Amino acid sequence: MTQFLHRAYELTISSPIALPLPEVSDCRADVRIVLGANLDAAEAKELASHRWAGRSGWFKLMVQGVAQYVIEEGCIITINPTKTASHSDLVAFLMSSALGALLQQRGALPFHASTVATNRGALLILGKSGAGKSTTMTALTRRGFAMVSDDITPVSLRNGQLVALPAYPSTRLWADALGGFGYSADELLSVRENISKYYLNIGTFHDQPEQVAGGVILQVHNEPQIEVTHIPQSEAFGVFSRFTFRKRFLKCQNLLAFQFSVTTALAKSAPVIRVQRPMAPFCADEVAEKITNALAIAPYQPVIA
C-alpha cells in the first residue's frame, strides 16, 4: 500500500491516505496512521451511542457516520471507517480531534487558537468556532506577520519556556471570508463535502517553535464597532482553560494535572486582550489593525548572527 509522508507540528506523519499537508521524503516517521477494517453494522451503530473513551496512553474517538479513531501512545492512529465515510470526512476528523488527542498524549497541550509570530513571540488568537480566528490570522499575515498554526495550536514546555509549535502553511476559510480577501474558492480544496469551507495556502509561514507572548480572545457582538479590552491576569487562567482544545478528552487520559500546569504558567506569563467585532460587514483588516495597535506588536524579524 502506498504510504504518504507528511510534516506537521514538528512531526513526520506516515499515512496510507493523502493529507492536505506538506509532503516530505527520506524521513523516519514519528506518527503512523493505520487504515483498519471497515466497521460492520453493529460497530457502526455503536458510534451513535458513544463519543469517546480513554485511559493513560490510549484514546478512542467515535464519530457517527464516519469512523472510529484509536490513538495510542502518541504515535499511532488507527482509523476504522464506516462503509459510507467519505475521504474528506475521514481526513477532517483525523486532522482535528484525533490529532488533538495525539498531541495531548505527546505532552503538547492544544488550544483552540490560530497563531502568528510577532517581534515579541507567538500570539494566540483564541475563540469559539465561528469567531473568526482563521480570518484574523490571515489578515495579520497580509500585514507581514508569519503564520504559526491555524485553529489548533499546541503549546509545549521546553527549557523552561512555553512554546507554540508550528503546524503547516495553510488555513481553512469559509467562502465569505475568502471573498472578503478577494480570493475565489473555484480552484481550492474543500475541507468537507457539501461545506463551503476551503484550504488556503499561506505564503508566510514560521516553521520554528516560538515562545508564547500573549493571547487575543476573539468574539462577535451586536455592536457596529470593534472594541478592545485588556483582561486582568487574575482572569487569564480561565481564558486559557476555556479554550483548551478538546478539553473533555483530558480527564479519561489522566492529563488534567498536565493541563493545569500549562494553563497556570500561561496565565502568569502571557497577557491577554479581548477583541469584540461585529458580524458584518467584513472587517478582518480593521480587527488586525486593532490588535497590532493594542499590543504594540510588529512582524517577527529573525536574528541575524
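The largest pocket of the predicted model has a volume of about 870 Å³. Its lining is made up of 32 residues, of which Ser129, Gly130, Arg172, Trp174 and Lys197 are the closest to the centre of the pocket. Several elements each give two or more residues to this lining, namely helix 2 (87–105), helix 3 (133–141), strand 13 (170–174), helix 4 (175–180) and helix 7 (284–295). When the lining of the largest pocket is divided by class, 15 residues are nonpolar, 9 are polar and 8 are charged.

The second largest pocket holds about 370 Å³ of space. It is lined by 17 residues, and those closest to its centre are Arg51, Ser97, Arg246, Arg248 and Phe249. Two or more residues of this lining come from each of strand 5 (58–63) and helix 2, with strand 5 providing the largest share, 3 residues. Helix 2 is also among the elements that give two or more residues to the lining of the largest pocket. By class, the lining of the second largest pocket comprises 8 nonpolar, 4 polar and 5 charged residues.

Strand 17 (residues 272–278) has 6 of its 7 residues buried, and it is therefore largely enclosed by the rest of the structure. This strand pairs with strand 15 (residues 210–221) in a parallel arrangement, the two being joined by 7 bridges. With strand 16 (residues 227–231), strand 17 runs antiparallel, and 5 bridges join these two strands.

Leaving aside neighbours within four places in sequence, the contacts of histidine 112 are with Ile125, Leu126, Gly127, Lys128, Ser129, Lys133, Asp151, Phe243, Thr244 and Phe245. One of these contacts, Ser129, is also one of the residues closest to the centre of the largest pocket.

How values were computed
Residues are numbered from 1 along each chain as its sequence is written. This is a predicted model: local features need pLDDT of at least 70, side-chain atom pairs count only at pLDDT 80 or more; totals for chains, interfaces and linings use all residues. Side-chain values use heavy atoms; hydrogens and water are left out. On a 1 Å grid over the protein atoms alone, a cavity is a set of points where a 1.4 Å probe fits but cannot get out, and a pocket is an open set with protein on both sides within 12 Å along at least five of seven lines; lining residues have an atom within 4 Å of a point. Grid points are joined across faces, edges and corners, and a volume is the space filled by probe spheres set on the points. Helices (H or I, at least four residues) and strands (E, at least two) are DSSP runs, numbered from the N terminus. Ala, Val, Leu, Ile, Met, Phe, Trp, Tyr, Cys and Pro count as nonpolar, Asp, Glu, Lys and Arg as charged, and the others, Gly among them, as polar. Buried means under 20% relative accessible area, exposed over 50%, partly exposed in between (1.4 Å probe, protein chains only). Two strands pair if DSSP finds at least two bridges between them. Contact means heavy atoms within 4.5 Å.
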